[in-house]
Each structure stands twice: as structure tokens, then as C-alpha cells.
Amino acid sequence: MALTDYSIHDLTEAVLGCVCAALESTAATVDGQPGCPSCRACVVPGQVAWDSCDDPCGNEASGGQLTVSVARIYPSSELGFPAEDRTVQGVRGCMPPGVTALELVVTLLRCAPTFTEQGCPPSCEDLSETARALHVDMVTVYNALLCCLPGTEQRRRGRRFVMGAQRTVGPEGGCVGLEQRVTVALPGCAPCPGDAS
């Protein structure tokens, strides 16, 4: 069985929604914590462009940029997931792998304090507050994926996935944030193209 046409896109949209909801929930319980970026929360193609981490587009909105993108897709196996399956294909017609591994990248950017107009570096207080907000964002994104991903598939045990490394990105261009990788198992559930059965 092959993947359905929207196997990847539906999952990326679900992950975006899950992380955004978690950020909003955290903002409601942690004083001064920004929520889900109001103007720039989207699924993007390819590598993430740091288009915006500045102030929000409205008075009640949260600034920043939240994106979900696909880093790579590769064959794996039921028992060996998330290792790459190097089995030769095409020997018996359409025989897709038992599991397709999908590596997703969740990137969250916020404003970073920069030099003043007089050329002075940001204060320790500003840096400490930015670090606090980043650390809360890191925990929120990590927990969101741990809690939401199992429910994105209608199987008795839920979806299988492996959390990858989370790293800080920036500060660069006035932005600082995080990048979280996660590899998700996509079971095939569609017939191969041209398969009469």
C-alpha cells in the first residue's frame, strides 16, 4: 500500500495546530509568555525563511513566527523504525515499504533584544527575560509533540514517532528561537497507482 495524497500535508497541519494550541495554553497560564504567533503560523515548503519575528500585527496578538516543514521522507520498516530501510524496490511491482518515515521540523522564532541606537548591547535583564520566554517555549513545543502526535492516527496504539534533537537558533537578524525535529511513522493505506485491487 502506498501513502494517500494528503498523508504528509494533513499531518503537518495537525502538528501546526497542536503546537499553536499548546503555545496559547501556556500563554494563558504563564505571566508574560507570548502565545502562538498570530500573523505567521504556517506550514512551509523546504527550509524555513526567517521572514518575521517582530511585533504582532494587532494589539491583542502575539508576535513571532511558527512554522512546520518537511526535512526528508524515507523508507523504514515496522521493526526497524526509524532506521532507513535499504531494501531493493521494484522486484515485485508496487511494494512500498511497511513504514514511511517523515522527518518534520518545527521552528519557533521570537524577537531578540539587540543593540540600542547608541550602540549599547542589550541589558542583562532583557537577555534574561528573552531566555526565560525561550526556555518556556522549548518545553511547550516538546510537550506538545509528545502529547499530540499519538492522537494524529486512528490506530489502537496511536502514531509512532521518535523525538529528535531540539536546538536553539539565533540570535540572528533580531530573531531567536528553537528548532525541534521529530520523525513520524506513516503507514501506507492507499492502493498503488493503477492497482485494480
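Predicted model: local features only at pLDDT ≥ 70, side-chain atom pairs only at ≥ 80, totals over all residues.
View A. A disulfide joins Cys20 to Cys36, with 1.9 Å from S to S. This pair links distant parts of the chain: Cys20 sits in helix 1, while Cys36 lies in the loop between helix 1 and strand 1 (41-43), 16 residues apart. The torsion about their S-S bond is about -105°, so this disulfide is left-handed. Cys36 is buried, at a relative accessible area of 4%.

**View B. The link of Cys18 and Cys148.** The structure holds two disulfides, and here Cys18 is joined to Cys148, with an S to S distance of 2.1 Å. Look for Cys18 in helix 1 and for Cys148 in helix 2 (residues 124-148); the two are 130 residues apart, and the pair links distant parts of the chain. With 90° about the S-S bond, this link is right-handed. Cys18 is buried, with a relative accessible area of 10%, whereas Cys148 is partly exposed at 30%.

**View C. Thr12 and its contacts.** Thr12 belongs to helix 1, which spans residues 7-29. Its relative accessibility is 2%, so Thr12 counts as buried. Setting aside neighbours within four places in sequence, Thr12 is in contact with Val43, Val68, Val70 and Leu104.

**View D. Cys111 and Cys120.** Here are two further cysteines to find. Cys111 is partly exposed, with a relative accessible area of 35%. Cys120 also counts as partly exposed, at 40% relative accessibility.

Terms used:
Residues numbered from 1 in each chain as written. Heavy atoms only, no water. Helix = DSSP H or I, 4+ residues; strand = E, 2+ residues; numbered from the N terminus. Buried < 20%, exposed > 50% of the residue type's maximum accessible area, 1.4 Å probe, protein only. Contact = heavy atoms within 4.5 Å. Disulfide = S-S within 2.5 Å.
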